[in-house]
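Please find my notes on this model below. They cover strand pairing, the core and confidence.

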Amino acid sequence: MIELAGLEVQVVKSSSDNDSPSSECIVCGRQMNVGLKICGQFICSDCEQEIVHTEVSDPRYLYFIQCMKQIWLAALS
Ligand SMILES: [Zn+2]
């Protein structure tokens, strides 16, 4: 368990068993089983990498921020 800006972050990895069903990524909406869970909100590893590598000047950055807001709102509720 790691913490990011005070939020609980859980690293989700694929497993060979069926105990961990895939989660829906809040950014791309795909069912994935590798990524990060932040306060129960799942972000797949693809989107996580994209967020990390997106410049602030990129229009997509704003969209990512909107998605991150969902996490914050969920964390606060
Ligand atoms: Zn995604």
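1. Start with the pairing of strand β2 (residues 7-12) and strand β5 (residues 35-38). The two run antiparallel and share 4 bridges. Within this predicted model, V11 faces L36 of β5 across the pair.

2. β5 also pairs with β6. Here too the sense is antiparallel, with 4 bridges between β5 and β6. I38 sits opposite Q41 of β6.

3. Look at the turn joining β5 and β6. The hairpin leaves 2 residues between its strands, and C39 adopts a positive phi near 50° there.

4. Which residues make up the largest nonpolar core? There are 8: C25, V27, I38, F42, I43, C44, C47 and I71. Strand β6 (residues 41-44) supplies the largest share of this core, 3 residues. In soluble globular proteins, nonpolar side chains tend to be buried together.

5. I43 deserves a separate look. Setting aside neighbours within four places in sequence, I43 contacts C25, I26, V27, G35, L36, I38 and E48. Among the core members, C25, V27 and I38 are on that contact list of I43.

6. Now the confidence. Mean pLDDT for the protein is 85, and 86% of residues reach 70 or more. Which element has the lowest mean pLDDT, and which the highest? Strand β1 (residues 2-4) is lowest, with a mean of 62. Strand β4 (residues 31-32) is highest, with 94. Where pLDDT is low, the predicted coordinates should not be read in detail.

Technical notes: Residues are numbered from 1 along each chain as its sequence is written. This is a predicted model: local features need pLDDT of at least 70, side-chain atom pairs count only at pLDDT 80 or more; totals for chains, interfaces and linings use all residues. A nonpolar core is a set of buried Ala, Val, Leu, Ile, Met, Phe, Trp, Tyr and Cys residues joined through C-beta atoms within 7 Å. A residue is buried if 20 or more other C-beta atoms lie within 10 Å of its own, exposed if 12 or fewer, and partly exposed in between; C-beta atoms are placed from the backbone. Two residues are in contact if their C-beta atoms, placed from the backbone, lie within 7 Å. pLDDT is the predictor's confidence in each residue, from 0 to 100. Two strands pair if DSSP finds at least two bridges between them.
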